[in-house]
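Colleague: Could you walk me through this structure, one part after another? I am new to it.

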Amino acid sequence: MYIYDDYDHQILRERVAQFRDQTARFLAGELKPEEFLPLRLQNGLYVQRLAPMLRINVPYGMLNSTQLRRLAHIARHYDKGYCHVSTRQNIQFNWPDLTEVPDILTELAEVQMHGTQSSGNCIRNTTSDQFAGVAEDEIIDPRPYCEIIRQWSTFHPEFAFLPRKFKIAVTGSQQDRAAVQVHDIGLQLIVKDSGEVGFKVYVGGGLGRTPVIGSAIRDFLPEEHLLSYLEAILRIYNQYGRRDNKFKARIKILVRAMTPEIFAQEVEAEWLHLKDGYNKLTQAEIDRAKSFFTQPPYAIVDANAAQAQLDVQASEQPAFGKWLQRNVRGHKIPGYAAVTLSLKPTGVAPGDITDTQLEIIANLADEFSFGEARTTHEQNIVLADVKKTDLFTLWQKAKQAGFATPNIGTITDIICCPGGDFCSLANAKSIPIAESIQRQFEDMDYVYDLGDIDLNISGCMNACGHHHVGHIGILGVDKKGEEFYQVQLGGSASNDASLGDVLGPSFGADDMPAVIQKLVDVYVENRTDEELFIDTYRRIGATPFKERVYAKAH
Amino acid sequence: MPKLIKDGAIVEDSWTLLAKPEGEAASVEVPAGQVIVPLGVWLTQKARLQTRQDIGVWLDSDETASQLGDDARALPLVAVNFPVFMDGRSFSTARLLRERYGFTGELRAVGNFIRDQLCYLRRCGVNAFAFAREDINLEDALKSLGDFSEYYQASVDQPLPLFRRRA
């Protein structure tokens, strides 16, 4: 994991001091509310429906146990004893007091954390694959590049007042778990046969009001040109992105208006001026970044013996077997596994986590995973480096703490924004919908039989719950003050990224569990042996689903 | 005489900023003395204005550094305007004037930028700050110029990114 040096600490301390002064000037009436607004946003502070919300960056999802304990302390001391893992791998506190925010940020800075640029019209936290560095299908670890981007984008003087927010994601695996094609910039790491490392560059993807799959504007960008190329893209966007209408201000609108081809030409022309400047990465810098993401001191584990033992334990305890199947995945080191702790037990808002649970995760990370944990954009927590011989003990402890719901990747592992219960943008609540669907699908054997289904819920068209790219997507809409839910089918955030199709007229909240059940029934009745929900949908199309859901009652 | 911040000090402003004309830029009469003219006036009256040593040019936020281009090199002053402080285009304009078009004179921010943008503007090459609002306490505002003393990125004030300077 990256460790701050004196430079990083100094820069962050200066930022905290700057915001402390800005907050004081605002409270003293010296800074107008409309001037304070973007400043507080760029330090992670929103004003929500009921209270402020403070969003803390978790750079590309990486956390250590010290940070987890500090987050627990903040949840307990400054908040109501819990926080929330967001769909961009960040941590959100829902009830901080504005006057205490500078103190919270000071406490976070001590453990190398902050809320800077977690909101506002600037470059946001760079996100990545939660299995970076351990995935079996990994081509190259994306985290050193994420860190290089983090430093370049942090307090970038030219790009702090962009037309709109700007999100970058990086993947280094064959399977894209970072949803790079629905980001403002998506970077897919590539290693050529010659050994040369570079990126395929996607631009102009995004969800929200106008969902768009990103366009590839460069098939191979050599790694040393990463920053100059990003700077060229951002400069074109900063100069030409629309500023007259915030709903048309994202880069996707500019790319579409110019066409991806012309946009790419503009970027390339700008880049020619920049590519051999001082931003060109040195091998020393790439090596330095990589030095923070070396392998931890893995033990030698007899992988076969460990697996044999797991098989016995799974047969004796079927619940453990299910957990192994759903929440544990392979690791590039034989004898090790990556474990996902589910933050989606029925009845808890997806992604919510208490102070005590954070401390338990810190302890589990220390005991089983070299003191590190990761947040996921599906709103769960990963312990990435667990010895297979430790899995049974870890399962028992996770179960006790409420993290062992064996539902990862299933229909009840719902991605869900905070929705109308918290968010002032929302048109409708989303958490109660998630819960009612979880209750509809409580029979875990049945849920396993359904296989992987991404069900994503957003409480408004800003799409924080990524509903466009759910196999089943649910969007809360407001009709004359009443909350309704539109259903979309066929979305995907993976390599075969696609946007869902709207099924038809929306439904009332009470109807939703039955509607989802009908959709699942159509899948079960039509699937072939090897098909997942998304495959069946792509093969048979929307009509059978529509007919079932909108059938007149006899 | 109004005051502004220049090179980290509060000084008197000897320049007059000419507003954008309602009508034809070509027919605007540019008065004598130190005048900052709109880009349109400069472009249409360049032949005449070039002979004077006391002409500056201001770019609005929807005008780009490339429109002034190499003309910048010979000018004593170029200003970049902030119609509203959230309009960040002038940050790019400033950098381009310094880094691509070789402008070495006074680069001045004008309009509705706010004090909290001073440090970033300075990093982008702006060295003079003329607030549109008259109630700004310039002594206080000066403090924001130094909000940061160390940076990750390459920019005008520090062409070497931190990764090239890290010990």
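Modeller: A definition comes first: two strands pair if DSSP finds at least two bridges between them. Helices (H or I, at least four residues) and strands (E, at least two) are DSSP runs, numbered from the N terminus. This is a predicted model, in which local features need pLDDT of at least 70 and side-chain atom pairs count only at pLDDT 80 or more, while totals for chains, interfaces and linings use all residues. Residues are numbered from 1 along each chain as its sequence is written, and chains are lettered from A and ligands numbered from 1 in the order in which they are written.

Colleague: Which residue in β10(A) is the bridge partner of Val201(A)?

Modeller: Arg218(A) is that partner. Strand β10 (residues 215-222) of chain A runs antiparallel to β9(A), and five bridges join the two.

Colleague: And how many bridges pair β8(A) with β9(A)?

Modeller: Seven, again in the antiparallel sense, with β8 at residues 185-191 of chain A. Leu189(A) has Phe199(A) in β9(A) as its bridge partner. Five residues lie between the strands of this hairpin, and one of them, Gly195(A), takes a positive phi near 95°.

Colleague: How many residues of β9(A) are buried?

Modeller: Five of the seven residues in strand β9 (residues 197-203) of chain A are buried, so described because 20 or more other C-beta atoms lie within 10 Å of their own, with C-beta atoms placed from the backbone. The strand is mostly covered.

Colleague: Let us change topic. In what order do the strands of the open sheet come?

Modeller: The order is β1-β2-β5-β4-β13 in chain A, five strands with antiparallel pairing. β1 (45-47) and β13 (352-354) of chain A are at the edges with a single partner strand each, so one side of each has no neighbour in the sheet. On average, neighbouring strands are turned by 30° against each other, direction ignored.

Colleague: What can you say about β2(A)?

Modeller: Four of its five residues are buried, so β2(A) is largely enclosed by the rest of the structure. Strand β2 (residues 52-56) of chain A pairs with β1(A) over three bridges, where Tyr46(A) has Met53(A) as its bridge partner and Leu45(A) stands opposite Leu54(A). Three bridges also join β2(A) to strand β5 (residues 91-93) of chain A, and Phe93(A) in β5(A) is the bridge partner of Leu54(A).

Colleague: Now the helices. At what angle do the axes of α1(A) and α4(A) cross?

Modeller: Helix α1 (residues 6-27) and helix α4 (residues 101-110) of chain A cross at roughly 175°, and their axes come within 9 Å. Axes are lines fitted to C-alpha atoms, for helices over the stretch in contact, and angles run from 0 to 180 degrees between N-to-C directions. Angles over 145 degrees count as roughly antiparallel, and α1(A) and α4(A) are therefore roughly antiparallel to each other.

Colleague: Which residues meet there?

Modeller: Among them, Leu12(A), Val16(A) and Phe19(A) in α1(A) meet residues of α4(A) including Val101(A), Leu105(A) and Ala109(A). Contact requires C-beta atoms, placed from the backbone, to lie within 7 Å.

Colleague: How many residues of chain A are in contact with chain B?

Modeller: 28 residues of chain A are in contact with 31 residues of chain B. The largest share of the chain A side, six residues, comes from α1(A).

Key. Angles under 35 degrees count as roughly parallel, over 145 as roughly antiparallel, 65 to 115 as roughly perpendicular and the rest as oblique. Two residues are in contact if their C-beta atoms, placed from the backbone, lie within 7 Å. A residue is buried if 20 or more other C-beta atoms lie within 10 Å of its own, exposed if 12 or fewer, and partly exposed in between; C-beta atoms are placed from the backbone.
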